[in-house]
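Please keep the sequence and the model in view while reading.

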Amino acid sequence: MVTDKQTRADRSGGAVISAQERYVPLWRAFRYLLSVLPTAVVFALLVVLFWWGHHHRWTMPRWAQIVGQEEAQTDDWCAEHGVPESVCVECQPEQFPPPPSFGWCSEHGIPDCPLEHPEVAQLATVTPPTDRERARVRRALELKERPVNHPECQLRRRRLQFASQEAFARSGIELAVVQRGPVVEALEASGEVTYDPTRVTRVAARTPATVRHVYRSLGDQVARGEILALLDAAEVGRSKAELVQALVQVQLRKAQLERLRSTPTLSTKQQLQEAEAALHEAQARVLLAQQSLINLGLVVPQELLQDRSPDAVMALLKLAGLPPALASSLDPRTISTNLLPVAAPIEGTIIAREISQGETVESTRTLFVVADTSHMWLNLNVRAEDAADVHIGQRVFFRPDGSKEEFTGTLFWIDTSLDEKTRTLKVRAQLDNRHGCLRDHMFGQGRILLRHDENATLVPNEAVHWEGCCFVVFVRDRDWESLHGARVFHVRKVRPGAVSGPRREIIAGLLPGEVVAARGSTILLAQLLRHKMGAG
């Protein structure tokens, strides 16, 4: 059986060609074009870029283009500085002479120092700095190491010029006036609050005893001499009895001596001497018994014991050391001669109580701990590199963690060695805590005040730049706003000081009233560095 397909194949020479096989060469050609298309596009872009660079001479944007001023295609144009050549301060120094140069000021570490030569300041009217101002600057420089400038750098002679006021406006640079203001320079250090150990006392029983009453508890405020507890001690009763016995012996010896002295014919000299010695011995026993009571915390004045009967003395000694109000509150039937009151030695707060009513305590046991919290210690950890700036008597500010309140104190102790583990210097200040807000073991951040100047010279932080060897500020020319004035910024070397929020102190290099470039002044710095590298 012969099909039509075989017949067509026979007619075409015997080969059968399907429709799918017929389009394979076209598909392969299309895939090849897709694979080489990206390479062709990149090559075409490179060709366009090469053509554009060749026709534009591969040049960087000029100064006028940076600050927004298009180059004027005129004959009166300085291509190097991007301003009309007729007003170019660099090309026309005889028409626009540079400010006078006075060389390096070794005292303040800057060239052309306005403090020594106020005429360099870009001000219409210059007021010479006073001796008080010079002394303030000197103290600021001597306080600690300040950033230094290179004395051989000549960039201060550069003047950066805009073609017009409109070109300056398009640059986006903001101006700021040099002002006076307060500045605080301090060292930051972490700290911990503790009790002042010289204001902490531990109250102990002076002899073994039994706790009879406890009148004060933890956290109570107590006055000096206030009774905290009442003990029952056998040693107290024994000492009181010895005192009474010694007083009775004194009275007997006195009577015997008086009897011998009243009858001189019946007494010999030896008898008088023996009677006097016996009296002195009895008086010594009185003093010994009194001292025993004093050692137990009971003071019995000698005048209260004179000319009293033994019963009266015993009644007096029974309530020795007890305030009248406390004595009247006790049951007379239970009052013992063994009572020993425990009194607070200082005014303060009970921060520990270690006794309970009815228990027996030894003489070595602490019963109460009383602390005067009106003043607390602050221990600060100062970095080793800041140790040279710390001195006794400096003012200290402390803010506890999580608190908005700040406490003040005075530095009174500096350790003689660094901590072996943290490599920090421990210093200590005393804080006023009369309001009772500080707590033992409270952590926070401390500041050691190095300097507080109410009349420091301040500029915005953005105005100060480091150009590689010196700190510079761009100062607007005093004739900027005049009709024929050039739109010029002068490069001024400065000695920066402390940072106070958004502003920075200028110790030397600027005078109040001068106008400087602030935000956006990095454009001027970029142009200055181009000149420093020799770029046109």
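## Two loop residues with positive phi

The loop between strand 17 and strand 18 (442-460) contains His441. Although His441 is not a glycine, its phi is positive, at about 65°. The model discussed throughout this report is a predicted one.

A second case is Arg423, which belongs to the loop between strand 16 (407-418) and strand 17 (424-432). Arg423 is likewise not a glycine, and its phi is positive at about 55°. Is Arg423 buried, partly exposed or exposed? Its relative accessible area is 47%, so Arg423 is partly exposed, since that class lies between the limits of 20% and 50%.

## The chain as a whole

The protein chain comprises 11 helices and 24 strands. It has 536 residues, of which 40% count as buried.

In soluble globular proteins, nonpolar side chains tend to be buried together. The largest nonpolar core of this model holds 39 residues, and those touching the most other members are Leu228, Leu231, Leu243, Leu317, Ile355, Leu367 and Phe368. Several elements give two or more residues to this core, including strand 7 (209-214), strand 9 (227-232), helix 8 (269-295), helix 9 (310-318) and strand 13 (366-371). Helix 7 makes the greatest contribution, with 8 residues.

When its neighbours within four places in sequence are left aside, Leu317 is in contact with Lys240, Leu243, Val244, Leu293 and Val300. Another core, of 19 residues, lies apart from the largest one; Leu187, Leu378, Phe407 and Ile448 are among its members.

An open sheet is formed by 4 strands in the order 6-13-11-8, with antiparallel pairing. Which strands lie at the edges? They are strand 6 (200-204) and strand 8 (221-222), each of which pairs on one side only.

Strand 8 is joined to strand 11 (residues 348-353) by 2 bridges in the antiparallel sense. Within strand 11, Gly348 is the bridge partner of Val222.

## A nonpolar patch on the surface

Tyr32, Leu33 and Val36 make a nonpolar surface patch of about 310 Å². Leu33 itself is located in helix 3 (residues 24-55). Why does Leu33 count as exposed? Its relative accessible area is 54%, and the exposed class begins over 50%.

## The surroundings of Trp466

Trp466 is placed in strand 19 (residues 465-466). Its relative accessibility is 43%, and Trp466 therefore counts as partly exposed. Apart from neighbours within four places in sequence, Trp466 is in contact with Val148 and Phe471.

Trp466 and Leu525 are 59 residues apart along the chain, and their C-alpha atoms are separated by 8.9 Å.

Technical notes:
Residues are numbered from 1 along each chain as its sequence is written. This is a predicted model: local features need pLDDT of at least 70, side-chain atom pairs count only at pLDDT 80 or more; totals for chains, interfaces and linings use all residues. Side-chain values use heavy atoms; hydrogens and water are left out. Patches are made of residues with over 30% relative accessible area and no salt bridge: like charges are joined within 9 Å, nonpolar side chains (Val, Leu, Ile, Met, Phe, Trp, Tyr) within 5 Å. Accessible areas come from the Shrake-Rupley method with a 1.4 Å probe; for residues, only the protein chains shown count as cover. A salt bridge is a side-chain nitrogen of Lys or Arg within 4 Å of a carboxyl oxygen of Asp or Glu. Buried means under 20% relative accessible area, exposed over 50%, partly exposed in between (1.4 Å probe, protein chains only). A nonpolar core is a set of buried Ala, Val, Leu, Ile, Met, Phe, Trp, Tyr and Cys residues joined through side-chain atoms within 4.5 Å. Contact means heavy atoms within 4.5 Å. Two strands pair if DSSP finds at least two bridges between them.
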